[in-house]
Amino acid sequence: MATNGTAIASAFGPEVVPQGPEDVMFGLIAAYRRDQDPNKVDLGIGAYRDNNAKPWVLPVVKQADELLRKDPNLNHEYLPIAGLPEFTSASQQLICGANSPAIKDKRVLSVQTISGTGAVHLGALFLSKFYSPANKEAKVVYASAPTWANHNQIFTNVGLEMKSYPYFNKKTCALDLDAMLASLNSAPSGSIILLHACAHNPTGVDPTQEQWKKIAQVIKDKQHFPFFDCAYQGFASGSLAKDGWAINYFIEQGFELLIAQSFAKNFGLYGERAGCFHFVTGPASSAQDTIARVGSQLAILQRSEISNPPAYGARIASLVLNDKALFAQWEEDLRTMSGRIIEMRKALRGKLEQLGTPGEWNHITEQIGMFSFTGLSEEQVGKLRDQWHVYMTKNGRISMAGLNTKNVEYFAKAVDSVVRETSS
């Protein structure tokens, strides 16, 4: 558009809106798709794949979908601002435990969200607007080093400062508990501590229950505020209770906390964006008043952003969570997915050790969940991509779901080759 032959300059020139970097993960996916090599391997994708490298629709999801389609009362009206009530209440029981004292005392407030990402964002927005620790320096989010890359964008985009606490020991490929505890202890009292409930992304390294107790004690002593991100309950170990243990323990200890819950991985509802955000307040006489006030503000935040959450994924999950037979089938589906990943961990470690690949590989089976931090360097990752057409993130993280009985030996040989090449 021009006026009197003169072009009108945009108000959003490069000095105002610089070109943003491409999302690393989606760029990796695009590069993989362009690759024409028949042996190419995608180990970057954060989604479950079956032994044929295909997306897997859970049998229980197919059953629930059939029930939904046959429901004569099914419609496409708006859900309430807080979401589908039977979904949020069932999600609450799943994540906090059916016998949770917090649920019994009505100290939990739940809001349906746009999957786990939306739950983290809603929590971040709430903290940015309302969290006001006595020590202003404590209004900082401490996340593990490393953490899910999107955490940094979500929190900083709502104006919260982010810092990190030590987590992954590169030498042992395990949890650096002492350094983690020391860092949490030195953080300003009342700081926000972001925790992965299970299947830590990207390392696959989880604290043991005894280690969780020590972490909880430091957080309690320092009066920090815990924020749990739980994207893999049931998907990590195959046990919903085991994967939710840390959250249940913190609630039992009387913490006030936030929880972001995703149903993308454990239901395979990736594109349906089903999630839930939970606010849990402590066991005080004012708990009911706190829940009412917080709920009113979360409704305002939700209304201004998405107005009403999407219905389909929540309806699928709700049917399963509230039906004993479907729930039992879901648990079986979870064991199928987690079991296949565990078998791939065993197979990869076995083949690397059989090849005599330099280094220690026990961490492959000691880590848990979808991802594994292999310990491979950025140089080695580059050679895997250039020479062997293996796609993974630069930090050496692989998605175990991308391995199967047809490509695990190929990948092991590729790793063996680049490790020997770079070690000589």
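Arg 335 pairs with Glu 332 in a salt bridge whose closest N and O atoms are 3.0 Å apart. The model is predicted. Both residues belong to helix α14 (residues 324–355), where they sit three residues apart, about one turn of the helix. Arg 335 is partly exposed because its relative accessibility is 43%, and Glu 332 is partly exposed with a relative accessible area of 39%.

Helix α14 also holds Glu 343 and Lys 346, three residues apart, about one turn of the helix. Their side chains form a salt bridge at 3.6 Å, N to O. Glu 343 has 43% relative accessibility and so counts as partly exposed; Lys 346, at 48%, is likewise partly exposed.

Arg 349 forms a salt bridge with Glu 353, with 2.9 Å between the closest N and O atoms. These two residues are four residues apart in helix α14, so about one helical turn separates Arg 349 and Glu 353. Arg 349 is partly exposed at 25% relative accessibility, as is Glu 353 at 43%. Elsewhere, salt bridges with shared partners link Asp 65, Glu 66, Arg 69 and Lys 70 into one network. The whole structure has twelve salt bridges.

## Domains and their interface

The chain is assigned domain 1 (24–56 + 338–423) and domain 2 (78–322). Their centres, taken over C-alpha atoms, are 29 Å apart. Domain 1 gives 15 residues to the contact and domain 2 gives 18 residues.

Between them the domains bury about 1400 Å², 68% of it on carbon and sulfur atoms.

## A nonpolar surface patch

Phe 12, Val 16 and Val 17 make a nonpolar surface patch of about 310 Å². Val 17 lies in the loop between β2 (6–7) and α1 (24–34) and is partly exposed, at 44% relative accessibility.

Technical notes: Residues are numbered from 1 along each chain as its sequence is written. This is a predicted model: local features need pLDDT of at least 70, side-chain atom pairs count only at pLDDT 80 or more; totals for chains, interfaces and linings use all residues. Side-chain values use heavy atoms; hydrogens and water are left out. Patches are made of residues with over 30% relative accessible area and no salt bridge: like charges are joined within 9 Å, nonpolar side chains (Val, Leu, Ile, Met, Phe, Trp, Tyr) within 5 Å. Accessible areas come from the Shrake-Rupley method with a 1.4 Å probe; for residues, only the protein chains shown count as cover. A salt bridge is a side-chain nitrogen of Lys or Arg within 4 Å of a carboxyl oxygen of Asp or Glu. Buried means under 20% relative accessible area, exposed over 50%, partly exposed in between (1.4 Å probe, protein chains only). Domain bounds come from an automatic or database domain assignment. Contact means heavy atoms within 4.5 Å. Buried area is the accessible area (1.4 Å probe) that two parts lose on being put together, summed over both.
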